[in-house]
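I set out below what I looked up in this structure, entry by entry.

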Amino acid sequence: MSILKTPIAKCVERLKGATKFRPAGLCYLCQQHCKAAVCEACEQDCLFFNNQKVAGNLLNWPNIKQGLTPGPYQQMCALSYFQWPLDHLIRRFKYGHPLLAEPLAQWFLRYSAASSGQLPDCLLPVPISPWRFAKRQYHQTLLLADYVGKHLDIPVMPKWAHRRGWQRSQQSLGRRERLRNLKQAYELGSGDFPARVALIDDVVTTGATIATLSRLIHQVAPSTEIVVWALAVTPNKADQALLLPGRQILGHREA
């Protein structure tokens, strides 16, 4: 295999490097002047899940459900697969750009099926380790939960659980290693849960984290219904037939 990068790969690499330090007033993706973090043209060109195909629940789509660790959660809503450009925006958000919480949360409310059905009674942001919080100085899933909660008038429980110790990062681990790593990773801070809750995460990869947290909730509140709200999912196989550009989704709603 040639070690030379294709022109497209070089262009994408330069774009990622340029957006690491985004000047004020420029789109994170195309670098054109705009007031928003991402301009309207880039947003409407992004591919989002066609929620009509899955009746508002991504667990109804086999390619997604089969790639997830089973757990006592009944519904999943997300924007899209963890692919360009959403993966780029989420990485920027997690590693140094907390202000992206607002536009990403706005996209979630605009394009996912989260607010179209029965709303949860409270939002539970997935906890992060003390080490990650000390390094980043912010809790990214709590920022998302706060924005979504304010918009939908749903309370947020920031201290419902915490992550113990200094376990290895989940990002570099496979499914079995993730489950082993998570076995003693979390501890509930409260056993008082309402009838319906939503776990808030940025990216669902194998589903090991949400499965572990769901089981913890059901140990103390077996009747609580659990849904998962995330920005992106990374299934074993990303079926592009489930995606539509933003402009087409908005066009269907206006029609």
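Entry 1. I located Pro 85 in the loop between β3 (80-81) and α4, taking helices (H or I, at least four residues) and strands (E, at least two) as DSSP runs, numbered from the N terminus. I then read the peptide bond from Trp 84 to Pro 85, which is cis, with omega near 5°.

**Entry 2. Conventions.** I note that this is a predicted model, in which local features need pLDDT of at least 70 and side-chain atom pairs count only at pLDDT 80 or more, while totals for chains, interfaces and linings use all residues. Residues are numbered from 1 along each chain as its sequence is written, and side-chain values use heavy atoms, with hydrogens and water left out.

**Entry 3. The whole chain.** I counted ten helices and nine strands in the protein. Of the 255 residues, 51% are buried; here buried means under 20% relative accessible area, exposed over 50%, and partly exposed in between (1.4 Å probe, protein chains only). I also looked up contacts (heavy atoms within 4.5 Å). Among those between residues at least 6 apart in sequence, 75% join residues at least 24 apart.

**Entry 4. Helix α4.** I asked how many of the nine residues of α4 are buried. Eight are, so this helix (residues 86-94) is largely enclosed by the rest of the structure. The buried residues include Leu 86, His 88, Ile 90 and Phe 93, and also the charged Asp 87, Arg 92 and Lys 94. After α4 comes Gly 96, with a positive phi near 115°.

**Entry 5. Positive phi outside glycine.** I noted Ala 55, which is not a glycine and yet has a positive phi of about 55°. Ala 55 sits in the loop between β1 (47-49) and α3 (62-65), and counts as exposed because its relative accessibility is 66%. Asp 153, also not a glycine, has a positive phi of about 60°. Asp 153 belongs to the loop between α7 and β5 (161-163); its relative accessibility is 71%, so Asp 153 counts as exposed.

**Entry 6. Strand β7 and its partners.** I found nine of the nine residues of β7 (residues 196-204) buried. On the pairing of strands, I required that DSSP find at least two bridges between them. β7 pairs with β4 (residues 122-125) in the parallel sense over four bridges, and Leu 123 has Ala 198 of β7 as its bridge partner. β7 also runs parallel to β8 (residues 225-233), joined by eight bridges. Two of the bridge partners are Leu 199 with Val 228 and Asp 201 with Ala 230. Between β7 and β8 the chain passes through helix α9 (residues 208-220) in a right-handed β-α-β crossover; right-handed means that, with the strands pointing away from the viewer, the path from the first strand over the helix to the second runs clockwise.

**Entry 7. Val 203.** I looked at Val 203 in β7, which is buried at a relative accessible area of 14%. Leaving aside residues up to four places away in sequence, Val 203 touches Phe 82, Ile 90, Ala 232 and Thr 234. The C-alpha atoms of Val 203 and Ala 232 are separated by 4.8 Å, although these residues are 29 apart along the chain.

**Entry 8. Strand β8.** Eight of the nine residues of β8 are buried, so this strand is largely enclosed by the rest of the structure. β2 (residues 75-77) pairs with β8 in the parallel sense over three bridges, with Cys 77 bridged to Trp 229. β3 and β8 are likewise parallel, over two bridges, and Tyr 81 stands opposite Val 233.

**Entry 9. The cavity.** I searched the whole structure and found one cavity of 30 Å³ or more. On a 1 Å grid over the protein atoms alone, a cavity is a set of points where a 1.4 Å probe fits but cannot get out, and lining residues have an atom within 4 Å of a point. Grid points are joined across faces, edges and corners, and a volume is the space filled by probe spheres set on the points. The largest cavity holds about 70 Å³. Which elements each supply at least two residues of its lining? They are α5 (101-111), α7 (140-152), β7 and β8, and β8 gives the largest share, three residues. Among the lining residues are Phe 108, Val 148, Ile 200, Asp 201 and Trp 229. The lining divides into eight nonpolar, no polar and one charged residue, where Ala, Val, Leu, Ile, Met, Phe, Trp, Tyr, Cys and Pro count as nonpolar, Asp, Glu, Lys and Arg as charged, and the others, Gly among them, as polar.

Terms used:
On a 1 Å grid over the protein atoms alone, a cavity is a set of points where a 1.4 Å probe fits but cannot get out, and a pocket is an open set with protein on both sides within 12 Å along at least five of seven lines; lining residues have an atom within 4 Å of a point.
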